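Here is a short tour for anyone meeting this model for the first time. Have a look at the sequence and the 3D view, then read on.

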Amino acid sequence: MKMEEILAKCPKCGSQDKTAQRKMLDEQKAHAELKAIVCDKCGHIFETGEDKD
């Protein structure tokens, strides 16, 4: 996600707060891949890990 996309307001609610959800890859919790970037207020999904493929 580019910086201007990170700073952009949510198209549904206008909030700028986002959370990057990650999926842990091993039992030591040292490696993770992006699961989704989600709006904290309404749950709108900006990007998923599948978007990178």
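Where is Pro 11 found? Pro 11 sits in the loop between H1 and S1.

## Before we start

This is a predicted model, where local features need pLDDT of at least 70 and side-chain atom pairs count only at pLDDT 80 or more, while totals for chains, interfaces and linings use all residues. Residues are numbered from 1 along each chain as its sequence is written, and side-chain values use heavy atoms, with hydrogens and water left out.

## The chain as a whole

The secondary structure comes to one helix and three strands, and from the N terminus on, the elements run α-β-β-β. Helices (H or I, at least four residues) and strands (E, at least two) are DSSP runs, numbered from the N terminus.

The C-alpha atoms fill a box of roughly 35 × 20 × 15 Å, taken along the principal axes. Of the 53 residues in the chain, 21% are buried; buried means under 20% relative accessible area, exposed means over 50%, and partly exposed is in between (1.4 Å probe, protein chains only). The accessible surface is about 4,200 Å², and 48% of that belongs to carbon and sulfur atoms. Accessible areas come from the Shrake-Rupley method with a 1.4 Å probe, and for residues only the protein chains shown count as cover.

## The sheet

Three strands make an open sheet in the order S1-S2-S3, with antiparallel pairing. S1 and S3 are the edge strands, each pairing on one side only. On average, neighbouring strands here are turned by 20° against each other, direction ignored; the axes are lines fitted to C-alpha atoms, for helices over the stretch in contact, and angles run from 0 to 180 degrees between N-to-C directions.

Now for the pairs. Strand S1 (residues 18–24) and strand S2 (residues 32–39) are joined over seven bridges, and S2 pairs with strand S3 (residues 45–48) over three bridges. Two strands count as paired if DSSP finds at least two bridges between them. S2 and S3 form a hairpin with five residues between them, and Gly 43 in the turn has a positive phi of about 90°. Across these two strands, Val 38 has Ile 45 as its bridge partner, and Ala 36 stands opposite Thr 48.

## Met 24 in S1

Met 24 lies in strand S1 and stands opposite Ala 32 in S2. Is Met 24 buried or partly exposed? Met 24 counts as partly exposed because its relative accessibility is 33%. Its C-alpha atom is separated by 9.4 Å from that of Lys 35, 11 residues apart along the chain.

## Back to Pro 11

Pro 11 counts as exposed because its relative accessible area is 63%. Leaving aside neighbours within four places in sequence, Pro 11 is in contact (heavy atoms within 4.5 Å) with His 44 and Phe 46. Pro 11 and Cys 39 are 28 residues apart in sequence and 9.8 Å apart in space, C-alpha to C-alpha.

## The helix and its patch

Ile 6 has its place in helix H1 (residues 3–7). Ile 6 is partly exposed, with a relative accessible area of 38%. Together with Met 3 and Leu 7, Ile 6 forms a nonpolar patch on the surface, with about 300 Å² of accessible area among the three. Patches are made of residues with over 30% relative accessible area and no salt bridge: like charges are joined within 9 Å, nonpolar side chains (Val, Leu, Ile, Met, Phe, Trp, Tyr) within 5 Å. A salt bridge is a side-chain nitrogen of Lys or Arg within 4 Å of a carboxyl oxygen of Asp or Glu.
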